[in-house]
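Reader: I am new to this structure. Please take me through the terms and what backs them.

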Amino acid sequence: MAVALPAVVEELLSEMAAAVQESARIPDEHLLSLKFVFGSSAIQALDLVDRQTITLISSPSGRRVYQVLGSSGKTYICLASCHYCSCPAFAFLVLRKSESLLCKHLLAVYLSQVVRTCQQLCVSDKQLTDIFLMEKRQEN
């Protein structure tokens with residue numbers, strides 16, 4: 001069962017994708033809506049997208065994860081399929097306190113999909129496993 005974002009976020013991202021496909025840019029009204037829904041995280045996420053810090057890593061088995069180089073220089077793993085990020089802000093603000101829908105890294109992943117600026121990397125299943133293990137070691 002796929003986890004769904006709130007309808008307003010799904011609709012906003014869908015409208016943004018349609019606008020980008022039509023005019024190759026995100027209209028100002030969508031950017032304002034993004035700022036309204038996500039606050040300062042929207043600006044930080046857009047900055048991550050502009051700096052092209054998001055990489056889609058896929059393996060032959062069909063597994064897909066996103067790696068985001070955060071503004072601090074630390075790399076985070078995002079799973080768009082279940083709306084998860086390995087950053088501390090996601091654990092605290094999204095999961096624990098329910099103060100935000102997404103962290104800036106996960107929002108950047110969705111925005112990079114909208115504007116199609118995501119870098120892509122194909123790795124073996126073993127390499128993908130190693131990426132997850134390295135992430136787990138960094139957390140400890």
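Author: This is a predicted model. A nonpolar core is a set of buried Ala, Val, Leu, Ile, Met, Phe, Trp, Tyr and Cys residues joined through side-chain atoms within 4.5 Å. The largest one here has 34 residues. Leu13, Met16, Leu34, Ile54, Tyr66, Leu107 and Leu111 have the most contacts inside it.

Reader: Which helices and strands supply at least two residues of this core?

Author: Helices H1, H2, H3, H4 and H5 do, and so do strands E1, E2 and E3. The largest share, 7 residues, comes from H5.

Reader: What is in contact with Tyr66, leaving aside its neighbours within four places in sequence?

Author: Its partners include Ile54, Leu56, Tyr76, Val109 and Cys118.

Reader: Which residues of H3 are buried?

Author: Ser41, Ala42, Ala45, Leu48 and Val49.

Reader: What puts them on the same side of H3?

Author: Their arc around the axis is only 120°, so they lie on the same side of H3. An α-helix has 3.6 residues a turn, so residues three or four places apart point the same way.

Reader: What covers the buried residues of H3?

Author: The cover includes H2, E1, E2 and H5.

Reader: Why does Tyr84 count as partly exposed?

Author: Tyr84 has 31% relative accessibility. Buried means under 20%, and exposed means over 50%. The value for Tyr84 falls in between, so Tyr84 counts as partly exposed.

Reader: Where is the place of Tyr84?

Author: Tyr84 is in strand E4, residues 84–85. Tyr84 and His105 are 21 residues apart in sequence, and their C-alpha atoms are 9.6 Å apart in space.

Technical notes. Residues numbered from 1 in each chain as written. Predicted model: local features only at pLDDT ≥ 70, side-chain atom pairs only at ≥ 80, totals over all residues. Heavy atoms only, no water. Buried < 20%, exposed > 50% of the residue type's maximum accessible area, 1.4 Å probe, protein only. Helix = DSSP H or I, 4+ residues; strand = E, 2+ residues; numbered from the N terminus. Contact = heavy atoms within 4.5 Å. Arc of directions from axis to C-beta.
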